[in-house]
Amino acid sequence: MKDWKAVAQASGLGLSGEELERVTGPLAALEKTFRPLVEDLPPGLEPATGVLEDIE
Amino acid sequence: MTIREAAAALGSREVSSVELTEAALARAERANPTLNAFLTFTAEHAMEQAEQADKERAAGKDRGPLHGIPIALKDLFLTKGVRTTAGSKLYEHYIPDHDATVVEKLRAAGAISIGKLNLHELAYGITSANPHFGPVCNPWNVAHSPGGSSGGSGAAVAAGSVYAAMGTDTGGSIRIPASFCGTVGLKPTYGRVSRYGVLPLGYSLDHMGPLTRTVRDAALVLNAIAGKDVRDDTSSHRRVVDFVPEEDSHIRGVRVGLPENYFFDRLDTEVEVAVRGAIARAESLRAVIKPVRVPDVDALNAVARVILLAEASAVMEPHMGSRGSFGKDVLTLLDQGRLLPATDYIQAQRLRRKMRAEFEKLWEEVDCLMFPTTPNTAPAIGATTVQLGGVEEDVRLATTRLVRSINALGYPALSLPCGLSTSGLPIGLQIVGGPFEEALILKIGAALEDNGVGIPKCPPVA
């Protein structure tokens with residue numbers, strides 16, 4: 001899993017301790033759901049480049 | 001009065017547009033110190049338009065059912081010569097030199113805007129507790145949030161200030177205030193309504209639609225605003241039909257999908273009872289209720305969040321040097337988006353394609369899905385968490401839990417009131433259809449409304 005605090009500290013945003021928690025806490029929670037999904041993606045699948053062409 | 005009733009009264013000369021507009025302005029201005037729904041009133045311009053509408057009617061020119069009807073616009077829609085703030089300090093003094101396509105279309109249909117409506121800052125949140133312009137209050141209980149981001153739109157319609165208000169929906173921002181304020185809210189299919197001239201939040205997630213007092217009124221507004229716009233590449237060529245359901249619409253044989261998983265998890269008990277009651281009413285009207293298992297909505301919500309974080313931060317990137325211009329909650333989300341790598345955004349769009357294909361299969365089994373719009377009723381202003389099913393949840397994540405995925409799918413969705421809690425707060429039923437099936441979900445909503453699904457009018461705001 002990604003270390004979002006390290007990412008934030010390296011980003012140059014200059015977040016204070018409290019801001020750092022507020023910003024990275026939800027990202028870490030999101031990561032838990034999102035990352036396993038990415039790992040299961042089939043290699044040939046292309047991104048949705050827009051919504052319209054996919055559903056028309 | 002509904003739009004249809006007001007239009008009939010205008011048509012028979014029982015009332016003039018000038019009278020309707022004066023009354024709307026008076027109601028809105030009287031309620032505003034309490035609700036803070038409006039950021040700007042455009043009284044002078046509205047009265048000029050109303051006089052023009054009356055002259056046109058007298059001369060035999062009828063622009064249709066919105067001709068001479070007072071409405072209002074979320075302050076995210078550009079209005080030529082009228083301040084458009086987006087609820088942000090950044091745009092506090094911004095006066096556009098052109099109208100949004102939706103505004104042009106509403107004006108062409110004869111609708112009269114009486115002002116611009118308060119919202120969550122930059123439409124990026126669900127409370128409408130705006131740090132720059134003050135919080136919007138819920139007309140049903142002013143200590144409670146109207147939801148957001150189109151909170152001013154929900155409050156203005158629920159309070160009876162206007163017959164319709166335009167909202168936008170990127171992660172539930174039409175349907176949530178509709179649910180919390182007891183109005184109808186329609187998020188059309190992505191591409192059905194032009195996004196041109198509306199300040200963006202999430203390019204591939206933003207939808208424009210109305211909040212109204214009835215389902216048929218929402219359909220009337222959709223009739224006026226739908227259609228291809230060459231200025232919006234993502235707008236659809238799909239044929240625009242008459243979306244207004246016939247009188248006595250029936251839903252016999254309509255296959256209603258009742259999700260067995262996810263959408264009824266961790267609900268406020270009163271919400272569950274009211275929504276199941278509305279679904280039972282659909283069954284009594286001989287709709288076929290079919291239990292269905294839906295794909296992984298939790299996963300799709302995560303995908304939609306990644307896409308929104310990245311797109312919103314891209315929109316606001318030029319302004320990130322002015323960090324003090326943003327409220328704390330919005331700045332946090334913008335910072336989160338700036339930390340996401342481009343690869344995550346691309347992966348999210350790949351997942352979006354995969355999951356949409358999974359959801360598309362549902363439409364072989366059912367014609368629509370029904371479930372709650374929000375798992376909870378309107379939280380108190382300032383609440384940061386909500387207790388649902390014994391679990392304490394972040395209020396934003398809980399409130400968007402049942403709506404956000406639909407933005408990633410682009411499907412049309414309707415919220416209509418289906419009950420009041422014992423504390424007197426509205427409860428919303430959500431009806432989701434397949435792509436471009438607005439006419440169907442409006443027909444289902446109208447049939448339910450005709451057969452007793454709904455709530456009483458909001459008591460007058462003190």
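This is a predicted model: local features need pLDDT of at least 70, side-chain atom pairs count only at pLDDT 80 or more; totals for chains, interfaces and linings use all residues.

Q: Let's start where the chains touch. At what angle do α2 of chain A and α11 of chain B pack?
A: About 75 degrees, with the axes 10 Å apart. Angles from 65 to 115 degrees count as roughly perpendicular, so α2(A) is roughly perpendicular to α11(B).

Q: Which residues meet there?
A: From α2(A) you have Phe34(A), Arg35(A), Leu37(A) and Val38(A). Facing them in α11(B) are Asp344(B), Gln347(B), Ala348(B), Leu351(B) and Met355(B).

Q: And how does that contact split by class?
A: Six residues are nonpolar, one is polar and two are charged.

Q: OK, switching to charges. How many salt bridges are there over all chains?
A: The structure has 22.

Q: Give me one in chain B. What does Arg216(B) pair with?
A: Its partner is Asp450(B), with an N to O distance of 3.0 Å. Arg216(B) sits in helix α7 (residues 215-225) of chain B and Asp450(B) in helix α15 (residues 438-450) of chain B, so the bridge ties together parts 234 residues apart in sequence.

Q: Is Arg216(B) buried or exposed?
A: Buried, because its relative accessibility is 5% and the cut-off for buried is under 20%. Asp450(B) comes out as partly exposed, at 37%.

Q: Which residue does Asp367(B) bridge to?
A: That would be Arg255(B), and the closest N and O atoms are 3.0 Å apart. This one also links distant parts of the chain, 112 residues apart. Asp367(B) is in the loop between α12 (362-365) and β11 (368-372) of chain B, while Arg255(B) is in strand β9 (residues 255-259) of chain B. Asp367(B) is partly exposed at 23% relative accessibility, and Arg255(B) is partly exposed at 25%.

Q: New topic: rings. How many aromatic pairs over all chains?
A: The whole-structure search finds five. One of them is Tyr262(B) with Phe263(B), an edge-to-face pair at 5.4 Å centre to centre and 85 degrees between the planes. Tyr262(B) is buried at 13% relative accessibility, and Phe263(B) is buried at 1%.

Q: Why is the pair of Phe263(B) and Phe371(B) called stacked?
A: Because the planes are at 20 degrees, with the ring centres 3.7 Å apart, and planes under 30 degrees apart count as stacked. Phe263(B) lies in the loop between β9 and α8 (269-284) of chain B, and Phe371(B) in strand β11 of chain B, 108 residues apart. Phe371(B) is buried, as is Phe263(B).

Q: What do the ring pairs link into a cluster?
A: Tyr262(B), Phe263(B) and Phe371(B).

Q: Which residue other than glycine has a positive phi near 65 degrees?
A: Arg13(B). Look for Arg13(B) in the loop between α1 (3-11) and α2 (17-35) of chain B. Arg13(B) is exposed, with a relative accessible area of 51%.

Q: And what's phi at Arg266(B)?
A: Near 50 degrees, again a positive value in a residue other than glycine. Arg266(B) is in the loop between β9 and α8 of chain B, and Phe263(B) lies in that loop too. With 34% relative accessibility, Arg266(B) counts as partly exposed.

Notes: Residues are numbered from 1 along each chain as its sequence is written. Chains are lettered from A and ligands numbered from 1 in the order in which they are written. Side-chain values use heavy atoms; hydrogens and water are left out. Axes are lines fitted to C-alpha atoms, for helices over the stretch in contact, and angles run from 0 to 180 degrees between N-to-C directions. Helices (H or I, at least four residues) and strands (E, at least two) are DSSP runs, numbered from the N terminus. Angles under 35 degrees count as roughly parallel, over 145 as roughly antiparallel, 65 to 115 as roughly perpendicular and the rest as oblique. Contact means heavy atoms within 4.5 Å. Ala, Val, Leu, Ile, Met, Phe, Trp, Tyr, Cys and Pro count as nonpolar, Asp, Glu, Lys and Arg as charged, and the others, Gly among them, as polar. A salt bridge is a side-chain nitrogen of Lys or Arg within 4 Å of a carboxyl oxygen of Asp or Glu. Buried means under 20% relative accessible area, exposed over 50%, partly exposed in between (1.4 Å probe, protein chains only). Rings of Phe, Tyr and Trp (its six-membered ring) pair if their centres lie within 6.5 Å; planes under 30 degrees apart count as stacked, over 60 as edge-to-face and the rest as tilted.
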